[in-house]
Amino acid sequence: QVQLVESGGGLVQPGGSLRLSCAASGSIFSTTDMGWYRQAPGKQREVVATITSTNVPTVVASVKGRFSISRDNAKNTVYLQINRLSPADTAVYYCHDFTHSSWGQGTQVTVSS
């Protein structure tokens, strides 16, 4: 059974940075396509970045230049680096394993002064 555990969220001031982590277990992580989604209050969950098993990253246009995704197969972990945070980035951020259709429990990111 695949388990995904996100961490790294919190309260941050506008302009700040965060690095979210998602630790995976129960799969051959190096063969999985992974992604990060977010869901703001009252809005649908949306994808923000993906990375293939061959380490090809994609970041959606709306956050390109501020968000980056990476993975460390030795640690079974995928990361989301978020820079120049704004209140519009406030959301629960979820890790997703596309290969096994699994989700983490989410980590809250709140951007506020």
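Arg38 is buried, its relative accessible area being 10%; buried denotes under 20% relative accessible area, exposed over 50%, and partly exposed the range in between (1.4 Å probe, protein chains only). The structure is a predicted model, in which local features need pLDDT of at least 70 and side-chain atom pairs count only at pLDDT 80 or more, whereas totals for chains, interfaces and linings use all residues. Residues are numbered from 1 along each chain as its sequence is written, and side-chain values use heavy atoms, with hydrogens and water left out.

Across the whole structure, 3 salt bridges are found, a salt bridge being a side-chain nitrogen of Lys or Arg within 4 Å of a carboxyl oxygen of Asp or Glu. Arg38 takes part in a salt bridge with Glu46, with 2.8 Å between the closest N and O atoms. Glu46 has a relative accessible area of 36% and is therefore partly exposed. Arg38 is also bridged to Asp89, and here the closest N and O atoms are 2.9 Å apart. Because Asp89 lies in the loop between β8 and β9 and Arg38 in strand β4, this pair ties together parts that are 51 residues apart in sequence. Strands, here and below, are DSSP runs (E, at least two residues), numbered from the N terminus, as are helices (H or I, at least four residues). Both Asp89 and Arg38 are buried.

A further salt bridge joins Arg66 to Asp89, the closest N and O atoms lying 2.8 Å apart. This pair, too, links distant parts of the chain: Arg66 is in the loop between β6 and β7 (67-72) and Asp89 in the loop between β8 and β9, 23 residues apart. Arg66 has a relative accessible area of 16% and so is buried, and Asp89 is buried as well, with a value of 1%. Through shared partners, the salt bridges join Arg38, Glu46, Arg66 and Asp89 into one network.

The aromatic residues were examined next. The structure contains 3 aromatic pairs; rings of Phe, Tyr and Trp (its six-membered ring) pair if their centres lie within 6.5 Å, and planes under 30 degrees apart count as stacked, over 60 as edge-to-face and the rest as tilted. The ring centres of Tyr37 and Phe98 are 6.2 Å apart and the planes stand at 45°, so this pair is tilted. Since Tyr37 belongs to strand β4 (residues 34-39) and Phe98 to the loop between β9 (91-97) and β10 (102-103), the pair ties together parts that are 61 residues apart in sequence. Tyr37 counts as buried because its relative accessibility is 16%, whereas Phe98, at 33%, counts as partly exposed.

Tyr37 also pairs with Trp103: the ring centres are 4.8 Å apart and the planes are at 70°, so the pair is edge-to-face. Trp103 is partly exposed, with a relative accessible area of 38%. Ring pairs connect Tyr37, Tyr94, Phe98 and Trp103 into a cluster.

Charged side chains also lie over aromatic rings, a charge being placed there if NZ of Lys or CZ of Arg is within 6 Å of the ring centre and within 35 degrees of the ring normal. Arg45 lies over the face of Trp103, 4.6 Å from the ring centre. Likewise, the charged end of Arg71 sits over the ring of Phe29, at 4.5 Å from its centre.

Positive phi values occur in loop residues other than glycine. In Asn55, phi is near 70°; Asn55 lies in the loop between β5 (46-51) and β6 (57-59) and, at 45% relative accessibility, counts as partly exposed. Arg84 has a positive phi of about 50° although it is not a glycine, and Arg84 is found in the loop between β8 (77-82) and β9.

Strand β1 (residues 3-7) pairs with strand β3 (residues 18-25) in the antiparallel sense over 5 bridges, and Ser7 stands opposite Ser21 in β3. Strand β3 also pairs with β8, in the antiparallel sense and over 6 bridges. The bridge partner of Ala23 in β8 is Thr77.

Technical notes
Pairing = 2+ DSSP bridges.
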